[in-house]
Amino acid sequence: MIGVVMTGNTPYYTVMHDAFSKTLNSMLPAGKKVRSIIQKPFPDPIALSNAARKLIAADVDLIVTYGSPATLAVINEDSGIPIIYAGVYDPEAIHAKGPEITGCGYKVHLSSLFRHLRTLKPIATLSVVYSTLEEDSVRQVNELRALTKEQGVGLTQINVKSIRDIKNIDPKVGGDALFVTGSAIVNSWIDEVMAVFKGNRPTVVSIFPDLAEVGFIITLFQSPEEQGEKAAAMVVRVLQGEQPKNIKPELLKNTELVFNLKEARSMGDINPINLIAEATRVIK
Amino acid sequence: MMPESMRVFLAACRHILCILMFVLVVIGPSASAFDNSGEGLLIGVEPEHNIFEQIERYRILAEYLSKELGINVRLTVMSRYGELLKRFKSRRLDGAFLSSYTAAMAFKQLNLEPVAMAVNLKDNAFSQGYLFTRKDSGITAAKEMQGKSIVFVDPATTEGYLFPLVWLRQNGVKDKERYFSRFSFSGSHASAIFAVLDGKADIGCAKSTVYNRQITKDPTIGAELRIIAESAAVPETTLCLKKDIPGEVKQKLLAILEKMTSTERGRSVLHNIELLRFVKAGDSDFDGIAKMIEIVEKP
């Protein structure tokens, strides 16, 4: 039996888990099945910690985690149960290491996403939506802060810890563009975030794919499916007796750049030719 | 995730764009190819990153050359590097503005000869190949490239394929398919740069002129990339003509190109095509490429 802790109920991790389940079932020997207990707590440290403890109490054989907050919560319980993570942003930065830990993380070059955005329109002020409840989201804001400072661009931070925070967002703070971090909370409520700016629709870019189809103009991301598949392959190896410490963690680099030309056209006077040329996919 | 159909749609759009570029982008009034009676010259041009800007720039050059030469000069932008070698005869081209690799091959295969080299705004008729990575990749040498991904530009480029192959060979890598986890072709020098910046590939190569132009436009690019190796200088763009075109036509064309800086109109055209001037080209300018081809072709 395996336990699964997902950071919130985010489409990105859901797609990852679907790919994980499909791959796991296809890789298991004929007739063998693996039961799983799935936890999708709100990405609050206490809720995540409780979810981890429930799985430990259920005596699962290993725990699969999606996202940094869930991974950190399970690591902190120090249960000795093997942990396979996926969807962790830059795992080295959170020291997701140990004899019983391995997995598949990702890294998106925020500078690249910002560069693509600036080829589309001049950016004097950038707004970033994140959550201080999620450390990976905070790391991304820190990276953006350094980047925007270096390039003389203003940065407005919008911290979302609850649905009430979204209601309190001033629609005027959208700036020239809105950067959506890989926060599970923000991405779970992305429809609500976008609704705030209704009528004054900002240019939105993100490091998660636009799974909710809310109209992100540029997304630079790593495939959630590939991470789920890689995590499943690692789980099979552990179930077959290999130690996690002997399974090399992976950092995905196969970035996808998706440009939503349809949304971009609604912005008016833009020059999208470079983005059309560089995008791995153009939404028309 | 967006449906696969969108990916297919994009691929189809690119394909159609390529065909359109090849079929429709003949810049200048319609005429037949050069027929030894001075009626017209059809000159091929290899594609740049932004094909639309390129078409406009070369339209101005075609008009200028037609007027000065007294014969109809048309320029046609090819769909990709190397396409020219395949299509030269079927398109009945009289010559082409060629990058160094295609030029070297065209001398052998198509009986072309170099006439004039374009001198860029940095007062340089030559470019170098750069092999580069992201600084945060930790890759500084060939041995650290094993198992990583590499993006080339096109098999028909010196800076974007021939040079990196030579460098890899000289650093002990003979089989790129086994050494790298993945290799791909970006289709343009600028795209190879963005592929590495975005993380689509760990290692990339491109010509120095495009690399430096991108950094001038956006200095943050230079701060994020590290150049691992540089090739010797090779001619960047050379006008090559068929050997059987009458010598007086070639000489007149060379003279017109060389004298563009002496008239206001000529300078204006040069400004539009982002060049300082044209200078005479010779076979010896391509000696370095022949040596590189020799190294790569060695078993």
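In this predicted model, chain B is divided into two domains: domain 1 takes in residues 4-125 together with 235-285, and domain 2 spans 129-231. Ten residues of domain 1 of chain B are in contact with 15 residues of domain 2 of chain B. Between these two domains about 1100 Å² is buried, and carbon and sulfur atoms give 52% of that area.

Chain B as a whole has twelve helices and 14 strands. Of its 299 residues, 54% are buried.

B:Lys207 is placed in strand E10 of chain B, which covers residues 203-207. Is B:Lys207 buried or exposed? B:Lys207 counts as buried because its relative accessibility is 11%, and the limit for a buried residue is under 20%. Leaving aside residues up to four places away in sequence, B:Lys207 touches B:Ser127, B:Gln128, B:Glu159, B:His189 and B:Glu236. With one of these residues, B:Glu236, the contact is also polar: the side chains of B:Lys207 and B:Glu236 make a polar contact at 3.2 Å.

Strands of a sheet pair through backbone hydrogen bonds, in either a parallel or an antiparallel sense. In chain A, seven strands form an open sheet with mixed pairing, in the order E7-E6-E8-E9-E10-E12-E13. Its edges are strand E7 (154-159) and strand E13 (281-283) of chain A, each of which pairs on one side only. On average, neighbouring strands of this sheet are turned by 20° against each other, direction ignored. At one end of the order, strand E6 (residues 125-130) of chain A pairs with E7(A) in the parallel sense over six bridges. Within E7(A), A:Gln157 is the residue that stands opposite A:Val128.

Finally, the two chains meet at an interface. Here 30 residues of chain A are in contact with 25 residues of chain B. The chains bury about 2600 Å² between them, with 50% of this area on carbon and sulfur atoms. Which three residues supply more than any others of the area that chain A buries against chain B? They are A:Arg115, A:Glu278 and A:Arg281, which supply 26% of that area. One of them, A:Arg281, lies in the edge strand E13 (281-283) of chain A.

Key
Residues numbered from 1 in each chain as written. Chains lettered and ligands numbered in written order. Predicted model: local features only at pLDDT ≥ 70, side-chain atom pairs only at ≥ 80, totals over all residues. Heavy atoms only, no water. Pairing = 2+ DSSP bridges. Helix = DSSP H or I, 4+ residues; strand = E, 2+ residues; numbered from the N terminus. Axes fitted to C-alpha atoms, helices over the stretch in contact; angles between N-to-C directions. Buried < 20%, exposed > 50% of the residue type's maximum accessible area, 1.4 Å probe, protein only. Polar contact = N/O pair within 3.5 Å; in protein donor to acceptor, adjacent residues only side chain to side chain. Contact = heavy atoms within 4.5 Å. Domains from an automatic or database assignment. Buried area = accessible area lost by both parts, 1.4 Å probe.
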